[in-house]
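Subject: The structure to look at

Hi there,

Here is the structure I promised to pass on. Please open it first, and then read my notes below alongside it.

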Amino acid sequence: MSAPEPEPEPDQHVHEVVVVGSGFSGLGQLLALRRAGIHDVVLLEKADAVGGTWRDNTYPGCACDIPSHMYSLSSDPNPDWSRSYSPQPEIRAYLERVAAEHDLRGHVRFGQEMTGATWDEQRRTWTVHTRGGTSWTARFLVSGVGALHVPKTPDLPGAGTFTGAAFHSARWDHDVDLRGKKVAVIGTGASAVQFVPQIAGVAAEVQLYQRTPAWVLPKGDRPLSDRRRRFLGRHPHLHRAYRAAMYAALESRAVGFHANPALLRPVEWLATKHIEAHVDDPALVAALTPDYSIGCKRILVSNDYYPALARPDVEVVTGGVREVRASSIVDGDGTERDVDVIIYATGFHVTDAYDALEITGRGGRTLREVWARDGMATHLGMTVSDFPNFFFLLGPNTGLGHNSVVFMIECQTRYVAQAVRTVHATGMGGLDVRAEVQQRSNAAVQHRLRRGIWTRGGCTSWYLDATGVNRTIWPGFTVRYWLETRRFDPEDFEFFGSTADAAQDA
Ligand code: N01
């Protein structure tokens with residue numbers, strides 16, 4: 001494949017596809033479109049480098065909690081992972097390598113942060129608006145911005161009066177030296193579990209403000225030998241078989257999450273033993289033991305989290321934050337502790353992430369308005385009726401708690417490429433998912449979710465929207481998603497216009 005043609009100035013050219021975001025989704029989409037013979041594609045990236053969440057999250061200890069060999073594109077398996085759970089710098093380097101080896105950077109426009117997009121019914125195009133005021137026009141728009149990219153910082157009383165350094169874990173401030181400091185960490189999710197052990201012993205003290213304890217399992221993390229890496233590199237078919245076996249092992253976990261939560265009881269027992277193995281203080285054991293079913297929130301994995309919490313210079317504070325003052329935090333019981341640095345490990349805007357974007361479809365209605373009316377209803381997590389030629393990658397209800405999301409991304413990028421190719425083949429101007437198809441597929445997903453652990457497990461989590469409906473997780477086996485997306489079904493869509501008409505209309 002030759003490098004893409006040099007671009008005319010934005011605005012002047014109607015691209016075939018605009019993709020937004022250069023993480024696994026966006027880069028994977030470029031590759032899938034190229035395989036489908038679609039080359040006039042531009043990718044808008046807000047930052048100055050590719051990598052998505054694996055570029056943005058640089059906190060100490062940041063790593064993947066899905067086994068390395070499953071966390072790569074099937075088209076670009078990586079025999080060279082150094083550990084069974086890859087550290088963030090390696091995943092970021094992997095994505096950069098994919099971009100370089102496939103010559104993808106020619107498609108990427110850096111410093112282009114999408115603020116919204118508008119469908120033009122007459123021209124049958126999307127115009128994407130960016131923060132810098134530039135606009136980009138294309139027939140198809142694919143959002144690969146991901147679900148976990150807008151950091152959420154709670155509005156704690158008095159937080160604005162704090163005079164020390166404060167930052168979110170997803171925007172780690174490496175200029176702040178934590179040595180000898182009193183550090184408050186708010187939140188105990190997947191990010192905190194990874195970085196708290198790294199800063200414990202560096203900071204003079206760590207106060208960990210825990211609202212809800214997480215279930216944490218031992219992590220089977222170990223270095224992978226050079227011999228093994230060479231072997232997998234030399235035998236790609238065996239590497240593929242190894243990935244398939246790993247996929248099947250992870251996939252089997254869906255049985256517990258979805259079909260029979262009782263199967264998760266032994267896992268809960270294991271997690272309880274994991275706490276007791278590292279924490280002697282019964283009060284702390286009690287504080288760290290969740291009162292909801294395992295799997296209701298994302299299950300975390302760590303070998304060093306509980307040992308870190310058992311240290312004398314780490315204190316787990318329960319009961320909430322009453323107030324932040326200039327150089328201290330007052331907890332829910334009224335105890336005041338001096339603090340030099342606050343680190344918010346408080347997660348991301350997930351179900352409301354798209355609210356910040358002004359995406360305007362048919363009839364001038366925005367996605368925000370439509371979802372406020374209908375909930376985040378989609379067909380297969382990828383398309384929404386009245387938003388023609390627009391696709392999400394890792395959109396609503398396609399996240400996973402048990403397997404690699406890269407698998408889901410690849411199902412979607414293939415489906416999108418098939419959709420674009422189908423529109424080309426028919427000579428039509430575009431497609432729009434039929435409202436009844438969307439309604440049926442969304443209802444089926446929600447029906448299955450109601451039987452799952454996420455709604456019956458006795459917890460609240462970021463999987464749920466403000467009304468308590470799960471808008472993030474794909475219920476059950478990913479094989480089912482693969483089957484449902486494997487072949488793009490034109491019957492699910494209304495096709496409209498023809499390119500010839502559009503040229504005449506314009
Ligand atoms: O965020 P979270 P995260 N006052 O939302 C607490 C992915 N990820 O960044 O449970 C006090 O899980 C909140 O408490 P509660 C992964 O999908 C992947 O850690 O709501 N506390 C919780 O403890 C993950 O699930 C990797 O009661 C407040 C914490 O903050 C997702 O990102 C690594 C609060 C937020 O936890 C998010 O993880 C890291 C408040 N006002 C992350 N508001 C991989 O390894 C929130 N909290 C692939």
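One term before anything else: two residues are in contact, or touch, if their C-beta atoms, placed from the backbone, lie within 7 Å. With that in hand, R368 touches Y354 and D355, leaving out residues up to four places away in sequence.

Please keep in mind that this is a predicted model, where local features need pLDDT of at least 70, side-chain atom pairs count only at pLDDT 80 or more, and totals for chains, interfaces and linings use all residues. Residues are numbered from 1 along each chain as its sequence is written.

**Confidence**

The predictor's confidence in each residue is given as pLDDT, from 0 to 100. For the chain the mean pLDDT is 93, and 96% of the residues reach 70 or more. The complex gets an ipTM of 0.98 and a pTM of 0.95 from the predictor.

**The overall fold**

The chain has 16 helices and 20 strands. These are DSSP runs numbered from the N terminus: helices are H or I with at least four residues, and strands are E with at least two. The C-alpha trace spans about 75 × 55 × 45 Å along its principal axes.

How does the radius of gyration fit the chain length? A compact globule of 506 residues would have a radius of gyration near 23 Å, and the 24 Å of the chain agrees with that. The radius is taken over C-alpha atoms, and the globule rule is 2.2 Å times the number of residues to the power 0.38. Among the contacts in the chain with a separation of 6 or more, 74% are between residues 24 or more positions apart.

**The core**

A residue is called buried if 20 or more other C-beta atoms lie within 10 Å of its own, exposed if 12 or fewer do, and partly exposed in between, with C-beta atoms placed from the backbone. By this count, 45% of the 506 residues are buried.

A nonpolar core is a set of buried Ala, Val, Leu, Ile, Met, Phe, Trp, Tyr and Cys residues joined through C-beta atoms within 7 Å. The largest one has 131 residues, and V18, V185 and V196 have the most contacts inside it. Helix α12 (residues 405-426) gives the most to this core, with eleven residues. Not counting residues up to four places away in sequence, V18 touches V42, L44, W126, V128, W136, A138 and L141. In soluble globular proteins, nonpolar side chains tend to be buried together.

**Around the ligand**

The ligand is surrounded by 21 residues, of which P154, G187, G189, T212 and G347 are the closest. Helix α4 (residues 190-199) gives the most to this shell, with three residues. By class, the shell has eleven nonpolar, seven polar and three charged residues. Here Ala, Val, Leu, Ile, Met, Phe, Trp, Tyr, Cys and Pro count as nonpolar, Asp, Glu, Lys and Arg as charged, and the others, Gly among them, as polar.

**Some individual residues**

Back to R368, which sits in helix α11 (residues 367-374). R368 is partly exposed because 16 other C-beta atoms lie within 10 Å.

A184 is in strand β8 (residues 182-186). A184 is buried, with 28 other C-beta atoms within 10 Å. Leaving aside neighbours within four places in sequence, A184 is in contact with Q207, Y209, I329, V339 and I342.

P388 lies in the loop between α11 and β18. P388 has 27 C-beta neighbours inside 10 Å, so P388 counts as buried. Apart from neighbours within four places in sequence, P388 contacts W119, R362, G430, L431 and D432.

Is T467 buried or exposed? T467 counts as exposed, with 8 C-beta neighbours inside 10 Å. T467 lies in the loop between α14 (453-456) and α15 (478-485).

Most residues other than glycine have a negative phi. R124 has a positive phi near 55°, and R124 lies in the loop between β4 (114-120) and β5 (125-130). N397 also has a positive phi near 55°, and N397 lies in the loop between β18 (390-392) and α12.

Best wishes

Notes:
A residue is near a molecule or strand if its C-beta atom, placed from the backbone, lies within 6 Å of it.
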